[in-house]
Amino acid sequence: MIGLGHFLLSRPGERPGMDFVLLAAIAEFWLAAILAGALIMGPKYGHPWIVALGTAVVIWIGFIVPVLMVTLRFRGMPGHMAAADSLHWLAVLLIQTVVMQSLGLVVPPM
């Protein structure tokens, strides 16, 4: 999503290369794999959608926000831009969660 988004929203002369798009796709796949594991091992009580979306938010708050905010601010990006990038990754996680939950992600049989 992020690679495709940057590609579609950028000007023709400023478009990211395929190496960036590939890196972004790998990063999103890896994030989806971690999220799937968390959803499979997550609590079995409560409404499934609330648990699933809550899991995505916890991963975002616990891992993505601190890393992005510190790294991007260290590199001189304004706080509002770092926050916007962090919010983008929240949207990625929530979309991935909705897709996995809609497809019926379950614990694999043993």
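**Notebook: core, helix H4 and surface**

I looked up the largest nonpolar core first: it has 18 residues, and Leu31, Leu35, Trp60, Ile64, Trp89, Leu93 and Met100 have the most contacts inside it. I then checked where the core residues come from: helix H2 (18-41), helix H3 (48-74) and H4 each supply at least two. H3 gives the largest share, seven residues. I note that the model is predicted.

Overall make-up. I counted four helices and zero strands in the protein. Read from the N terminus, the order of elements is α-α-α-α. Of the 110 residues, 26% are buried. I also looked at contacts with a separation of 6 or more, and 63% of them join residues 24 or more positions apart.

Leu31. Leu31 touches Ile64, Trp89, Val92, Leu93 and Gln96.

Helix H4. I checked its extent: H4 covers residues 79-103. With 25 residues, H4 reaches 36 Å from its first C-alpha to its last, close to the 36 Å expected at 1.5 Å a residue. I recorded the residue that follows H4, which is Gly104, with a positive phi near 85 degrees.

As a reminder to myself, an α-helix has 3.6 residues a turn, so residues three or four places apart point the same way.

Ser86. I looked up what Ser86 touches, not counting residues up to four places away in sequence, and found Trp60, Val65, Leu68 and Met69. Trp60 is also among the core residues with the most contacts.

Ile95. I took a second residue of H4 for contrast. Ile95 is partly exposed, because its relative accessible area is 41%, which falls between the 20% and 50% cut-offs. Ile95 forms a nonpolar surface patch with Val99 and Leu103. Together the three have about 300 Å² of accessible area.

Key: Residues are numbered from 1 along each chain as its sequence is written. This is a predicted model: local features need pLDDT of at least 70, side-chain atom pairs count only at pLDDT 80 or more; totals for chains, interfaces and linings use all residues. Side-chain values use heavy atoms; hydrogens and water are left out. Patches are made of residues with over 30% relative accessible area and no salt bridge: like charges are joined within 9 Å, nonpolar side chains (Val, Leu, Ile, Met, Phe, Trp, Tyr) within 5 Å. Accessible areas come from the Shrake-Rupley method with a 1.4 Å probe; for residues, only the protein chains shown count as cover. A salt bridge is a side-chain nitrogen of Lys or Arg within 4 Å of a carboxyl oxygen of Asp or Glu. Buried means under 20% relative accessible area, exposed over 50%, partly exposed in between (1.4 Å probe, protein chains only). Contact means heavy atoms within 4.5 Å. The expected span of a helix is 1.5 Å times one less than its number of residues. A nonpolar core is a set of buried Ala, Val, Leu, Ile, Met, Phe, Trp, Tyr and Cys residues joined through side-chain atoms within 4.5 Å.
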